[in-house]
Amino acid sequence: MNSIFNYGTNHLTIGICLDIAAGKTRGIIDADADKAIRASWGEVAKIVHAQKPVYGINTGFGPLCDTHISEADTSLLQSNILKSHSVGVGKPIPQEIAKLMLITKVHALAQGFSGVAPDTLTRIIWLIDNDIIPLVPEKGSVGASGDLAPLSHLFLPLIGLGEVYENGERKPAAQVLQKHNLAPLVLGPKEGLALINGTQFILAFAIKAVERLDDALNRADLIGAMSLEGLMGSVRPFDARIHALRPFKGTKMVADRLFTLLNGSEINSSHINCNRVQDPYSLRCMPQVHGASRNAWLHLKELTEIELNSVTDNPVIFSADDTISGGNFHGQPLALPLDYATVAAAELGNIADRRCYLMSEGRYGLPKLLTHDAGLNSGLMIPQYTTAALVTENKTLCFPASADSVPTSLGQEDHVSMGSISGRKLHTVLDNIEYIQAIELLYAAQAMDFRRPLKSTPVVEALHDFVRQYVPFINDDRVFADDINRLHQIITDGSFLATANNAAIHHHITLSHDEFGIY
């Protein structure tokens, strides 16, 4: 552990949240947070003893909110809600996503407006610190009364039910608690409701999406620069002066990166006085297209960080005499930007596919299909079929889930966000983008080889050399799926971006911009 984060009192960023999940930072409850938690817990006890009706503390849930619950049954009510609301279906979500749900829930509850017991938070933190991750099905949340179903599954292990992963192995929660000499918790008034009311399922997917889309955006610029060199495109469209006339943050940032990446290239210098007036849009408009997706990313990052530091359960406890049943659990504030980000991610695939097609056409001195012997060899004809298929699949995923609403809970919850679906399908689009970018990388590296002996700039050459460690120059047809999968691996394991960053540092080139970070 390199650092400490104080749940409930420190400001949580996307980067810190990911670091806690990765074990690089440890989250704790400090004295200030403990004081706030105990005070809120005490206020709930006052409400129960006074028998004042407060939603979810001594009443039923949803359409049963007018049903009074006796003081003796308030604890049973809370364990019942976890059991009855655990109705998720489908494959388990990734363990990292489930861990992010635990982390963000602790931070929300530790702010002291939820009425949970200190021991409950201690147990959740124990799960995080020991990497014991509850199994959460992927489907079942409508993203409005909080992510009820997935959060119920997430916290079943607190009461000895459900399943967890320990050392990557799926086990009954009761068995793991017994192994560690821990008894299941007995939830107090309000606790079950506080645990399952909230947006932590949507939020966890948003956190990971911010990281993954950031990586995809960075790769888009780098691979786009390689494609531009292969196609002998111009760097003039990246001149800062024209982008100062239309100063969108993302556009300016991409133009600056592309100009920095390509400035001083031998390939570029070799055709400065050519008779090409302008390049196709997929080259010339990279700042505008990649940049627009970066603007969407900035918006998602901003709103995700607000949600990270928010209280999203219901009711909110200010004091025993001041409780408010509101709608902070409603997922719409994240559902909309997640849908927007899905379109933004898909656009990276659209423009990458166009560059692949452009490189296969036999224009600008490149051989048709990027092969010397087209006819006997199909060359790089068919990989673009795959990008076309993935681009179209992404288009079908761009319908905004947040545009739909199906009433639930006998009409009590008559408008829902469907943000959980927004979050999940964004990740499906990002999965496809990683393959599309692997295929563009296959084309770009091949195209650059046809420009030899001319060289590009240090970062672009380092990336080309790195690709050639995994995929050799294509002389004759071979099973290109193997090449695509090898390139996909260096994209998803982070080594492609690490190579670019290391080369930039070595040559004193600045590619990063503070505003576009996640810390």
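In this predicted model, Ser 270 sits in the loop that links α12 (266-269) to α13 (281-284). A polar atom of the Ser 270 side chain is placed 2.6 Å from the backbone oxygen of Ile 267. Once the neighbours within four places in sequence are set aside, Ser 270 is in contact with Met 232 and Leu 454. Met 232 is 38 residues away from Ser 270 in sequence, yet the two C-alpha atoms are 8.8 Å apart in space.

The peptide bond from Arg 452 to Pro 453 is cis, and its omega is near 15°. Pro 453 belongs to the loop between α17 (419-449) and α18 (458-468). A cis peptide bond also leads from Asn 314 to Pro 315, here with omega near -5°. Pro 315 is found in the loop that runs between α14 and β8 (316-319). For context, most peptide bonds are trans, and most residues other than glycine have a negative phi.

Asn 181, which is not a glycine, has a positive phi of about 55°. Its loop connects α7 (173-179) with α8. Leu 370 likewise is a residue other than glycine with a positive phi, near 55°, and Leu 370 lies in the loop between α15 (332-360) and α16 (383-396). Are these residues buried or exposed? Asn 181 is exposed, at a relative accessible area of 71%, whereas Leu 370 is buried, at 1%.

Turning to helix packing, two packed helices are described by the angle between their axes and the distance between the axes. The axes of α9 and α14 (residues 286-308) come within 10 Å of each other and cross at roughly 160°. Angles over 145 degrees count as roughly antiparallel, so α9 is roughly antiparallel to α14. The crossing of α9 past α14 is left-handed. On the α9 side, the contact is made by Leu 203, Ala 206, Ile 207, Val 210, Leu 213, Asp 214, Leu 217, Asn 218, Ala 220, Asp 221, Gly 224 and Leu 228. On the α14 side, the contributing residues are Met 286, His 290, Ser 293, Arg 294, Trp 297, Leu 300, Lys 301, Thr 304, Glu 307 and Leu 308. By class, the residues of this contact between α9 and α14 comprise twelve nonpolar, five polar and five charged.

How do the axes of α9 and α18 cross, and at what angle? They come within 10 Å and cross at roughly 90°. Because angles of 65 to 115 degrees count as roughly perpendicular, α9 and α18 are roughly perpendicular to each other. Leu 222, Ala 225 and Met 226 of α9 meet Val 459, Val 460, Leu 463 and His 464 of α18. This contact of α9 with α18 has six nonpolar residues, one polar residue and no charged residues.

The side chain of Thr 25 is joined to that of Ser 3 by a polar contact of 2.8 Å. Arg 26 also has its place in β2, but Arg 26 is partly exposed, with a relative accessible area of 36%. Arg 26 and Arg 236 are 210 residues apart along the chain, and 47 Å separates their C-alpha atoms.

Definitions and conventions:
Residues are numbered from 1 along each chain as its sequence is written. This is a predicted model: local features need pLDDT of at least 70, side-chain atom pairs count only at pLDDT 80 or more; totals for chains, interfaces and linings use all residues. Side-chain values use heavy atoms; hydrogens and water are left out. Axes are lines fitted to C-alpha atoms, for helices over the stretch in contact, and angles run from 0 to 180 degrees between N-to-C directions. Helices (H or I, at least four residues) and strands (E, at least two) are DSSP runs, numbered from the N terminus. Angles under 35 degrees count as roughly parallel, over 145 as roughly antiparallel, 65 to 115 as roughly perpendicular and the rest as oblique. A crossing is left-handed if the near helix is turned anticlockwise from the far one by less than a right angle, and right-handed if clockwise. Contact means heavy atoms within 4.5 Å. Ala, Val, Leu, Ile, Met, Phe, Trp, Tyr, Cys and Pro count as nonpolar, Asp, Glu, Lys and Arg as charged, and the others, Gly among them, as polar. A polar contact is a pair of N or O atoms within 3.5 Å; within protein, one must be able to donate a hydrogen and the other to accept it, and residues adjacent in sequence count only if both atoms are side-chain atoms. Buried means under 20% relative accessible area, exposed over 50%, partly exposed in between (1.4 Å probe, protein chains only).
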